[in-house]
Amino acid sequence: PGSNPDPNIQIAFDYPALRQQTERANATLVSLVRNKELKQMVRTVKNYEDRFNHKFRYDWVFLNDEPFDDDFIETMTNLVSGKAKFGLVPKEHWSVPSWVDKEKADKARKAMAEQVIYGDSESYRHMCRFNSGFFFHHPLMQEYRYYWRVEPETAIHCDVNYDIFQFMQTNNKTYGFTITLLENPLTVASLWQETKAYTKAHPEVLAKDNLLNWLSYDKGENYNMCHFWSNFEVADMDFWRSEAYQKYFDHLDKSGGFFYERWGDAPVHSIAAALFLPKSEVHFFNDIGYTHPPFTHCPIDGDTRKEGKCSCLAEETFDWKPCSCLGRYLDVQRIKRPHDWENYSD
Ligand code: GDP
Ligand code: MN
C-alpha cells in the first residue's frame with residue numbers, strides 16, 4: 001500500500017498491470033458497508049465478480065463511517081479482480097449539520113419509531129444523506145465517472161456479458177435501475193413541497209422531455225411515491241456533480257428533511273433523475289436479474305433469461321406487483337410492456 005496524505009483514504013493498493021488495460025470506461029463498483037456485514041458482503045462481491053466483473057476487472061471502492069478492520073480489507077482484496085480501495089467517510093459528511101435543530105430531530109425520530117422502518121435510527125439518516133449528497137465527492141471516487149452501487153445481501157442472477165459502463169457511455173445513459181416501487185409517504189412528507197420550491201426558483205433545471213409523469217399522477221401537483229430502488233444503481237456521477245443537482249441537494253439539506261423526516265437517497269436521486277434528465281438518459285436494466293431482500297427483479301422473457309443464464313424465475317419478479325412502478329415507467333417512456341406481463345401481477 002502506498003502512503004496516503006488524505007486521512008479519508010485508508011488503503012488504495014496500486015496494481016501496475018491493471019493500469020495497462022485499455023478500452024474500459026472510467027468506472028468503479030462502490031459499496032458503503034460496515035465491518036459486521038463482511039459475511040453478507042463476501043457472498044455479494046463474489047457473485048458480482050462471477051457474473052460480471054471478472055470479465056472487466058473494474059475497481060471496487062469500499063466506504064465506511066468507521067475504519068475497516070484487517071479481516072474486511074484482506075477478504076475483499078482477495079475477491080476483487082480490479083483494485084480494491086478502502087475509504088473513510090469524512091466526519092462532516094456523517095454528522096448532523098449546524099442548522100438542524102437536534103431536539104426537533106430527536107422528537108421526530110421518536111415519533112416515527114413505530115410506523116416507519118428505521119424511523120428511530122440516526123445512522124440510517126446519515127447513510128441516506130451521504131448517499132444523496134456526498135459519496136461522489138469522496139476522495140476515492142474523484143477519479144471515476146460511472147459507478148455501480150452494490151449493497152451487502154444483494155445478488156445478481158444473470159451473467160452480464162457486456163461492459164455495463166461502456167454501455168452507459170455509448171448510449172448516453174446517465175441513470176440505470178432494475179426495480180422501481182412506491183415509497184412510504186411518512187418518510188418524505190415535505191420532500192415534494194421542497195422539490196417544487198426548488199424547481200420554481202430554478203425552472204432552467206427541468207429537462208424538456210422528462211419523466212415527470214412517472215412521478216406524478218397530476219402533472220406535478222403531487223408526488224405519487226414512485227422511485228428507483230437505489231440499492232442497485234448504475235449511474236454517471238457527472239450528474240450528481242452538476243450544478244442543478246448540487247443546488248437541489250443543498251436546498252433539500254438546508255430544509256433539514258433528512259433528519260426531521262427520513263428522506264431516502266432513493267426518492268431524492270429518483271426525483272432528480274426524473275426531472276432534470278431527458279427521459280432517454282434513464283435506463284431500465286431488464287436483463288439483470290437482481291435481488292435485494294425482500295424484492296427480486298427477474299426478466300420474464302425466456303430468451304433474456306437464457307442469454308444471461310439467469311438463476312431466477314420469472315414468477316419471482318416484483319415488476320408487475322401492485323407496489324411496482326415499472327408499468328407506469330414503461331408507459332411514460334413509451335416502451336412496450338413485455339408479452340404476458342399480466343400473468344405476473346399477483
Ligand atoms: P436498507 O437497504 O434500506 O434496508 O438499508 P441498509 O441497512 O441495507 O443500508 C443501506 C446501505 O448502507 C448498505 O450498503 C449498508 O451496508 C450501508 N449502511 C447503512 N448504515 C450504515 C452505517 O451506519 N455505516 C456504514 N458504514 N454503512 C451503512
Ligand atoms: Mn440494503
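**Entry 1: Met-76**

I began with Met-76, and, leaving out residues up to four places away in sequence, I found that Met-76 touches Val-45, Phe-62 and Ala-84. I then placed Met-76 in helix α3, which covers residues 70-79. I noted that Met-76 counts as buried because it has 21 C-beta neighbours inside 10 Å, where 20 or more are needed. I also looked up a distance across the chain: Met-76 and Ala-155 are 79 residues apart along the chain, and their C-alpha atoms are separated by 16 Å.

**Entry 2: confidence**

Before going on, I noted that this is a predicted model. I read an average pLDDT of 96 for the protein chain, with 96% of the residues scoring at least 70. For the complex I wrote down the predictor's ipTM of 0.99 and its pTM of 0.95. I keep in mind that, where pLDDT is low, predicted coordinates should not be read in detail.

I turned to Gly-87, which I found in strand β4, residues 84-88. With 25 C-beta neighbours inside 10 Å, Gly-87 counts as buried. When I set aside its neighbours within four places in sequence, the contacts of Gly-87 were Asn-8, Ile-9, Gln-10, Val-61, Leu-63, His-138, Pro-139 and Leu-140. For one of these, Leu-63, I also looked up the separation, and the two C-alpha atoms lie 4.8 Å apart in space although Gly-87 and Leu-63 are 24 residues apart in sequence.

I next looked at Lys-46, which has its place in helix α2, residues 38-51. I noted Lys-46 as partly exposed, since it has 14 other C-beta atoms within 10 Å. From Lys-46 to Ser-81, which is 35 residues away along the chain, the C-alpha separation is 9.9 Å.

**Entry 3: helix α5**

I listed its buried residues as Arg-125, Met-127, Cys-128, Arg-129, Phe-130, Asn-131, Ser-132 and Gly-133. What covers these buried residues includes strand β2 (27-32) and the helices α10 (243-255), α11 (257-260) and α12 (265-276).

**Entry 4: ligand 1**

Which residues are around ligand 1? I found Ser-31, Leu-32, Val-33, Arg-34, Glu-37, Asn-64, Asp-65, Ser-123, Met-127, Glu-151, Pro-152 and Asn-231. The elements that give two or more residues to this shell are β2 and α5. Sorted by class, I read the shell as 4 nonpolar, 4 polar and 4 charged residues. I noted again that Met-127, one of the residues around ligand 1, is also among the buried residues of α5.

**Entry 5: Glu-233**

I looked up the record next, and UniProt, in an unreviewed entry, places the feature "active site" at Glu-233. In the model, Glu-233 is in strand β10, residues 233-236. I noted that Glu-233 counts as buried, with 23 C-beta neighbours inside 10 Å. Not counting residues up to four places away in sequence, Glu-233 touches Arg-149 and Phe-177.

**Entry 6: the backbone**

I kept in mind that most residues other than glycine have a negative phi, and that most peptide bonds are trans. Against this I noted Lys-219, a residue other than glycine, with a positive phi near 60°. Lys-219 is found in the loop between α8 (212-215) and β9 (226-228), and with 8 other C-beta atoms within 10 Å it is exposed. Met-225, which lies in the loop between α8 and β9, has a positive phi of about 80° although it is not a glycine. I recorded Met-225 as partly exposed, with 18 C-beta neighbours inside 10 Å.

I also looked at the peptide bond that joins Pro-293 and Pro-294, which is cis, with omega about 5°. Pro-294 is found in the loop between β12 (290-292) and β13 (295-297).

**Entry 7: Thr-317**

Is Thr-317, a loop residue, buried or exposed? I found Thr-317 in the loop between α13 (302-307) and α14 (326-333), and it counts as buried because it has 24 C-beta neighbours inside 10 Å. Leaving out residues up to four places away in sequence, Thr-317 touches Thr-296, His-297, Cys-298, Ile-300 and Tyr-344. Finally, I noted that Thr-317 and Ala-201 are 116 residues apart in sequence and 40 Å apart in space, C-alpha to C-alpha.

Definitions and conventions: Residues are numbered from 1 along each chain as its sequence is written. Chains are lettered from A and ligands numbered from 1 in the order in which they are written. This is a predicted model: local features need pLDDT of at least 70, side-chain atom pairs count only at pLDDT 80 or more; totals for chains, interfaces and linings use all residues. A residue is buried if 20 or more other C-beta atoms lie within 10 Å of its own, exposed if 12 or fewer, and partly exposed in between; C-beta atoms are placed from the backbone. Helices (H or I, at least four residues) and strands (E, at least two) are DSSP runs, numbered from the N terminus. Two residues are in contact if their C-beta atoms, placed from the backbone, lie within 7 Å. UniProt positions are given in the numbering used here, feature names are shortened, and annotations may be inferred rather than shown by experiment. A residue is near a molecule or strand if its C-beta atom, placed from the backbone, lies within 6 Å of it. Ala, Val, Leu, Ile, Met, Phe, Trp, Tyr, Cys and Pro count as nonpolar, Asp, Glu, Lys and Arg as charged, and the others, Gly among them, as polar. pLDDT is the predictor's confidence in each residue, from 0 to 100.
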